[in-house]
Amino acid sequence: MHHLTCVSCGATFNAAQILYQCPVCGHLLAVEYDLDRMEIDPRAWKERPLSVWRYREILPVSGHPITLQEGGTPLYHLKRMGAEMGIRELYAKHEGMNPSGSFKDRGMTVGVSMALQLGKNTVACASTGNTSASLAVYAAKAGIHAVVLLPAGKVALGKVAQALIHGAEAISIRGNFDQALEMVHDLCRSHGLYLLNSINPYRLEGQKTIGFEILDQLGGVPDRIVLPVGNAGNISAVHKGLKEYITLGLIDTLPMMTGIQAEGSRPIVDAIQRGLPEVIPERHPDTVATAIRIGTPVNAEKALAAIRQTGGTAESVTDDEILAMQKELARKEGIGVEPASAASVAGVKKLVESGKIDRKERIVCVVTGHLLKDPETVVRQCKPPLEIDADLRSLLSALRL
Ligand code: F0G
């Protein structure tokens, strides 16, 4: 059994109510379980496949979930890049290997299952791309209608393609993500569509399993988990899950939660570095990493707490640093990720070089989305293939052998 709790005033609400914010004080909600009374046997979990649903006892879905086998993503040891940075234990959790190519699928398998559980048959979101792709996929699997709002001209091609082919009703708005989210939130409140942005606490329940899988794959708690931050839901979700592990007595320390933003869109970084109680919205966010082109992170309250309570930190990286790291991951480790995802590893590089994190730490970077999400940015960065006549002599001269 679970209920909803306000993270600010502590008011609790019945789980059957459809709420996106505390009706008393307007702050964020979280899903809470009766963990003290739960009998969890992690050995039984180990007998199930590594996936979101391995941990189903601490997820809110009661019936059969809408699933496409999300989670169970690889955790790669970055030996070559780690050696170059002087970090022996540097890992990347490749969330691009989920069904729609991003970590959003963990949230959507739970979120769309909850939509059905709550009797909803139209779901909606605003998105910088991946959320819309994932929602389209899971709505298709569930056989329900999805409406997605996108910032016009600022969504990577692969993500738009996914939203379209999976049958979502896609609307481009002449505005940015933050405006799209406000619009869709209003629409859901006034017209009863089910909102599946990360302000919906159920979505974050699925995403918390990233942390559980990391612990299972590493065989322990890493010193630090580093995530790219946009709307700040994912970093909050991973932290919430691991706090539940503490309550359940499964672990006794938390990793230092570390968030990386793009230089042109860094309200969380500013709040952490300047010790502000809340974020100051960035009205004109901009970065090549369009996934995290967000100026008003709705989950800031949870994310600031996650970073502060674990002794973590936040840092920003430039677009050049992001693109250089995307190429390095591709060429030195064989890991293809979209620009926002490379931000987490670029952030680690910057933080070790500036002495803000210790090279002896065991560090896991979450790389959030697949390379193929944003082929246009890749093609702009790389020389195109050389075109030659179809004969061997031309080939040999082109290869300069
Ligand atoms: N990485 C990728 C690839 C993303 O798509 C996102 C968010 C993030 C990181 C940041 O995660 O918002 O939980 O802090 N994308 C959202 C979307 C906003 O609409 O697809 P966050």
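**A ligand site and a parallel sheet**

Let me start at the ligand: one of its oxygen atoms sits 2.8 Å from a polar backbone atom of threonine 131. Before going on, please keep in mind that this is a predicted model.

How much of the ligand does the protein bury? On its own the ligand exposes 470 Å², and 98% of that is buried by the protein.

As for the surroundings, there are 20 residues around the ligand. Ser127, Thr131, Asn231, Ala232 and Thr368 are the closest.

Now to the sheet. It is open and made of four strands, with parallel pairing, and the order is β8-β7-β6-β9. Which strands are at the edges? They are β8, residues 169-173, and β9, residues 194-195, and each of them pairs on one side only.

Let me take one pairing in detail. Strand β6 covers residues 122-126, and two bridges join β6 to β9 in the parallel sense. Within this part of the sheet, tyrosine 194 of β9 has valine 123 opposite.

Last, the helix. Helix α6 spans residues 177-191 and lies across β6, β7, β8 and β9. Strand β7, for reference, is residues 145-151. What is the angle between α6 and β6? The helix runs at about 155 degrees to β6.

That is the tour; the structure is on the screen if you want to follow it again.

Definitions and conventions: Residues numbered from 1 in each chain as written. Predicted model: local features only at pLDDT ≥ 70, side-chain atom pairs only at ≥ 80, totals over all residues. Heavy atoms only, no water. Pairing = 2+ DSSP bridges. Contact = heavy atoms within 4.5 Å. Axes fitted to C-alpha atoms, helices over the stretch in contact; angles between N-to-C directions. Near = heavy atom within 4 Å. Polar contact = N/O pair within 3.5 Å; in protein donor to acceptor, adjacent residues only side chain to side chain. Areas by Shrake-Rupley, 256 points an atom, 1.4 Å probe, with all protein chains shown as cover.
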